[in-house]
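Biologist: I'd like to learn how to read salt bridges in a model. Can you walk me through some?

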Amino acid sequence: MDKFRMIFQFFQSNQESFMNGICGIMALASTQMYSAFDFNCPCLPHYNLAYGLGILLVPPFILFLLGFVLNNNISMLAEEWRRPQGQRGKDPAVLRYMFCSMAQRAMIAPAVWVSVTLLDGKCITCAFCTSVPVESLGNASYPRLSQGEIQRVLARIPCKEIYNGQHLIANEVAVRYLRCISQALGWCFVLLMTMLAFLVRSLRPCFSQAAFLKSRYWSHYIDIERKLFDETCAEHARSFAKVCIQQFFEGMSTDLVAARCHLPRKAPADAGEAAEKLLGITDQSTMNMALKSWHRCKPPLHLHPPALPTGNGWAGEGQPPTHPSTPRRETAAYYSCV
């Protein structure tokens, strides 16, 4: 149990670890889905190809989209891409890094599905059973069969219980031939994916390590900034609600006292603390203006002393940021007498 707790804490340590855990779970789920899937080839000439290729390609596409849906960064990427320019520029390299990172993780489960499907061989056997070379593997000189009848006989190769073409080609020979081709394609696909992952991991630092570090840093910054902004808004909403409720009950107690219902009054101890957390934003219109300003013109990524607040405690959106004054440089000259 402690090991599972440690693994769960590792997945929650940062965004990348969490998404790696999600992708690993999806990869395991894809193998379990395929093992639990009841594969039934239609064994008809015009439907075998569509059914086999559909089982091979459609579930990976769904898993790929599901990988994007489960990724928490997809909304952050869309928000960063669609937001106005404002006071902070948008770096295309950071957006590309975020998209490529999500795409690489989302491709894990589809790659596992395709690999397992090809290594199993049922889809290829169903899809291409009518393309078995009867001339080299069977009795091509068998009389009284037209081309259409041969196609109908070959289409029943995946369905061993209804196959009636042993005189044309043995069922075991055709299945073993197609399964060998499918397994060869599966191992080639696994080797190709492994080589691509190796090249991406090993060659990327050799060309653009500085740009990669910059994009990765600012991608993490955007994620952390969004989380802190959500936490700050939630804390402000909690403090705002607390002050509103306290003022409501204070007004109710005042009305009861005016109605000659003498009730003991006790000043709340945390009223001042909750009011300090409001940061001067004490009405709905000002808070809405703050949220719109955060979306339209985020502050530039340059730390500077805070600007003087205006009358309502809110600096306008169009005001340029104040920069710290440059300290005056003093020089000292030394003279020596010889």
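**Reading the salt bridges**

Modeller: Let's start with Asp 91 and Lys 214, which form a salt bridge with their closest N and O atoms 3.8 Å apart. Asp 91 sits in the loop between α4 (73–82) and α5 (92–106) and Lys 214 in helix α10 (residues 171–258), so this pair ties together parts 123 residues apart in sequence. Helices here are DSSP runs (H or I, at least four residues), numbered from the N terminus. This is a predicted model, where local features need pLDDT of at least 70, side-chain atom pairs count only at pLDDT 80 or more, and totals for chains, interfaces and linings use all residues. Residues are numbered from 1 along each chain as its sequence is written, and side-chain values use heavy atoms, leaving out hydrogens and water.

Biologist: What is a salt bridge, then?

Modeller: It's a side-chain nitrogen of Lys or Arg within 4 Å of a carboxyl oxygen of Asp or Glu. Searching the whole structure turns up seven.

Biologist: Are Arg 83 and Glu 80 buried or exposed?

Modeller: Buried means under 20% relative accessible area, exposed over 50%, and partly exposed in between (1.4 Å probe, protein chains only). Arg 83 is buried at 2%, and Glu 80 is buried at 7%. They form a salt bridge, with the closest N and O atoms 3.1 Å apart. Along with Lys 298, they are linked in a network of salt bridges.

Biologist: Where do Lys 227 and Asp 223 lie?

Modeller: Both are in helix α10, four residues apart, or about one turn of the helix. Lys 227 is partly exposed at 41%, while Asp 223 is buried at 11%.

Conventions
Helix = DSSP H or I, 4+ residues; strand = E, 2+ residues; numbered from the N terminus.
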